Amino acid sequence: MRYLPTGKWMQMADQYTIEQIGLPSMVLMERAALQVVENMERENCNLKKVLVVCGSGNNGGDGFAIARLLKQKGISVCVLFVGKEESMSLDCKLQREIAENSRVPVVTVLPKEEYTTIIDAIFGVGLNRNITGSYQKIMEWMNLQQCTKVAVDIPSGVCSTTGNILGSVFQADLTITFAYEKLGMTMYPGASYLGKCIVADIGISPDFFANKEIVYTFDRQDLKTIIPERKAQSHKGSYGKVLMITGSKGMSGAAYLSAKAAYTVGAGLVQIYTAEENRVILQQLLPEAIITTYRTYEEEQITSLLEWADVVCIGCGLGTSSVAEKIVCSTLERIQKPCVVDADAINLLNNHRNLLTKKEMPVILTPHMKEMARLLNCTVERLKEERWKLLSEYTKNHGVVCVLKDARTLVFQKGQSTFVNTAGNHGMAKAGSGDVLAGVIAGLLAQKKKIFDAAIGGVYLHACGGDEAKNEKGSYSMLANDLIDGIATCIKKTEES
């Protein structure tokens, strides 16, 4: 697990390190500057002639220190100061004095010379307003230069909290960020402006983040905690019974993919409740599954199936017919067990939103952006801009876990730190990928994973499976079935490590 703090959290962590640990702010700044210089050299940046563009805050102070270190190495370097003299932080002012005493040229007018590298040290992680006016013109000029572009901590213009672009943005080839990758740097569109991102340790104390609700993500070593334990003395009942209410007429693929995914992550027994027309093909595709079918709505049958199951997954390819609507309503009215609600079941909830306010045990919703926007009665554009606020309010009011699927999938639950998935790839943007995810989460739930843990673990395992599939098939050719194979590969590698 690794933290993804916002700029505000990082500023508090800096202050904690300075005041409680006793590490002076100028020492942190010197370490930051040294890390930038060392990493530029390590990445073979062309440092023949360098321009450092500095603002008046501590990010600008980092820039002045970087310029001095480059000057001491005999590199031709100049600082373009674009901040306001009266707004300079104490550390920035001191670093400028040291740089000038070290004979670093400092100018305030756009130079006409050409440079091999331009370094952005204008705003840093504290920016919370749109970039306009002279700052915007300067950044447009910087982006037009034909040279290597390096950002200090974060490209200016990327919001460190949301990843939104604040008016204008610096397009970096390389970003050296300090202590932790910032939350906004993992989110789109901000993530598109980083280039290669390197996280550099400068001595910020990690103790500050202990027991705080900081957004976080997983790395591959976390798979050991995600994958449930298998015991030598066990049987299929030990690993749970999953009821998949999936697949309308002609949508047997959704039922197959979700059920196979649940089996692949270790579920003991899967029963598919589907339209009668899907029986034969599902029996052929997945003989391991129990197939139960319907032609019309049968209340007694649904009641019996819900009593049988340990976990329910409903919605994959289910359709939005009147029969499907009755099945969804009946299931959510009765269910007292963990339940994954996906796809068409989410769309049908738009007419029955009260069903989510009665649950003693939270369900897991797995909407994509359009589905979530419909639930919230807002536009997709507004959801993109305000997803953190809207999802926090929604999960608090409805008592659900929400897995918002996007290029960066988010998982929210009241009382839990938000999870952001940073694994996976664009090859996963294929039909059936969501069905696989629903099955993975249901399979983990069946093995007695807690609801939130199953959601975040399922999202990450699914994404890692996508990365394995891309390695095997390439991003263009990989299909949903390849995701399942990739998940199996991840589990095997983890089991053997």
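Analyst: Helices here are DSSP runs of H or I with at least four residues, numbered from the N terminus. The model is a predicted one. By that numbering, H2 covers residues 25-42, and Asn44, with a positive phi near 60 degrees, follows H2.

The length of H2 can be checked. The expected span is 1.5 Å times one less than the number of residues. For the 18 residues of H2 this gives 26 Å, and the end C-alpha atoms are 26 Å apart, so the two agree.

Next, burial. The buried residues of H2 are Met26, Leu28, Met29, Ala32, Ala33, Gln35, Val36, Val37, Asn39 and Met40. An α-helix has 3.6 residues a turn, so residues three or four places apart point the same way. Among the buried positions of H2 are Met29, Ala33, Val37 and Met40.

Of its 497 residues, 58% count as buried. Among contacts with a separation of 6 or more, 73% come from residues 24 or more positions apart. The C-alpha trace spans about 85 × 45 × 45 Å along its principal axes.

Aromatic side chains can be followed elsewhere in the chain. One aromatic cluster consists of Tyr3, Trp9, Tyr16, Tyr180, Phe208 and Phe209. Lys212 lies over the face of Phe208, 4.5 Å from the ring centre. The charged end of Arg96 sits over the ring of Phe81, at 5.0 Å from its centre.

Note on methods: Residues are numbered from 1 along each chain as its sequence is written. This is a predicted model: local features need pLDDT of at least 70, side-chain atom pairs count only at pLDDT 80 or more; totals for chains, interfaces and linings use all residues. Side-chain values use heavy atoms; hydrogens and water are left out. Rings of Phe, Tyr and Trp (its six-membered ring) pair if their centres lie within 6.5 Å; planes under 30 degrees apart count as stacked, over 60 as edge-to-face and the rest as tilted. A charge sits over a ring if NZ of Lys or CZ of Arg is within 6 Å of the ring centre and within 35 degrees of the ring normal. Helices (H or I, at least four residues) and strands (E, at least two) are DSSP runs, numbered from the N terminus. Buried means under 20% relative accessible area, exposed over 50%, partly exposed in between (1.4 Å probe, protein chains only). Contact means heavy atoms within 4.5 Å.
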